[in-house]
Amino acid sequence: MRGLYKNNFRLLFLYTAATILALTMSARFAESATVYDETIDGDLSNNPGNPTSIVLGLDNNQVIGSTIHADPDLLHFNMPLGVRLDSLILESFTSDDNLGFIGIQSGSIWSAGLGGTINPDNLLGWTHYGWGNGTVGTDILDELGLGAGAVGFTPPLLHGDYTILIQQTGSWDSIDYTFNFATNVPLPTSAWMGIILLVSVGTIRVIRQRMRWLV
Ligand SMILES: [Ca+2]
Ligand SMILES: [Ca+2]
């Protein structure tokens, strides 16, 4: 009888562990990582032909910087196969001005112009950000995809190279910003089906063993 208890306990432990592992794999990590901070790493590139490349990890990736007239901040990142960019959150915005500009383009260079001469035809999307339009603390990736005249997209962003321009052209007030690039690796449906099957079979086995013990 003690052996039966042991077996039940072992089965319960294994199936609980499998469930926790599955949930852990799909869950976002709680902590943020700063992948670029201009106060430590230097100014993000002003050169459209050579944006600063950043490497995004899983989950939260903070980019902290400051932009002002004549200081465009250009950055490039690659989304590996199977990883997606779920959101772009404007975590902080400090400026006497109310809005800045952000645009996104496919590829590893910026070819849409700078300042007030940007050609939206070359962009995946663009938008304004700041306290002037209530976007501080919000995800602006969907707004980016709706920029007038641009190609447009619907989040998430999938595998590929992307270049982003963050700039301030409306005034000489600087903008201190923190953007959070939130990535995710979704489990394929087949994996979820396998996990559900595993847990179901395990539960049935435990119940059967318990019933045998009762009779
Ligand atoms: Ca800068
Ligand atoms: Ca810059």
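User: What does the chain contain, and in what pattern along the sequence?

Analyst: There are 4 helices and 9 strands in this predicted chain. Going along the sequence, they follow the pattern α-β-α-β-β-β-β-β-β-α-β-β-α.

User: How do you know that strands S4 and S8 pair?

Analyst: Pairing takes at least two bridges between two strands. S4 (residues 73–79) and S8 (residues 160–167) are joined by 7 bridges, so they pair, and they run antiparallel. Histidine 76, for instance, sits opposite threonine 163 in S8, and leucine 74 is opposite leucine 165 in S8.

User: What makes S2 and S4 a pair, and in which sense do they run?

Analyst: That one has 2 bridges, and at least two are needed, so S2 and S4 count as paired; they run parallel. Threonine 52 has leucine 75 in S4 as its bridge partner.

User: Why is glycine 103 called buried?

Analyst: The cut-off is 20 or more other C-beta atoms within 10 Å. Glycine 103 has 23 C-beta neighbours inside 10 Å, so it counts as buried.

User: Where is glycine 103 found, and what does it touch?

Analyst: Glycine 103 is in strand S6, and its bridge partner in S8 is leucine 165. Leaving out residues up to four places away in sequence, glycine 103 touches Ala112, Ile118, Leu123, Trp126 and Leu165. Its C-alpha atom is also separated by 6.4 Å from that of threonine 127, which is 24 residues apart from it along the chain.

User: Which residues of the largest nonpolar core touch the most other members?

Analyst: Those are Leu88, Ile102, Leu144, Phe179 and Phe181, out of 35 residues in that core. S4, S5 (84–94), S6, S7 (125–129), helix H3 (141–144), S8 and S9 (175–184) each supply at least two residues of the core.

User: How much of the chain is buried, and how many of the contacts link residues 24 or more positions apart?

Analyst: Buried residues make up 27% of the 215 residues. Among contacts with a separation of 6 or more, 79% are between residues 24 or more positions apart.

User: How do you know which stretch to read with caution?

Analyst: The mean pLDDT of the chain is 85, and 72% of its residues reach 70 or more. Over residues 26–30, though, the pLDDT is below 50, and that stretch has 5 contacts in the model beyond near neighbours in sequence. Where pLDDT is low, predicted coordinates should not be read in detail.

Key. Residues are numbered from 1 along each chain as its sequence is written. Chains are lettered from A and ligands numbered from 1 in the order in which they are written. This is a predicted model: local features need pLDDT of at least 70, side-chain atom pairs count only at pLDDT 80 or more; totals for chains, interfaces and linings use all residues. A residue is buried if 20 or more other C-beta atoms lie within 10 Å of its own, exposed if 12 or fewer, and partly exposed in between; C-beta atoms are placed from the backbone. Two residues are in contact if their C-beta atoms, placed from the backbone, lie within 7 Å. pLDDT is the predictor's confidence in each residue, from 0 to 100. A nonpolar core is a set of buried Ala, Val, Leu, Ile, Met, Phe, Trp, Tyr and Cys residues joined through C-beta atoms within 7 Å.
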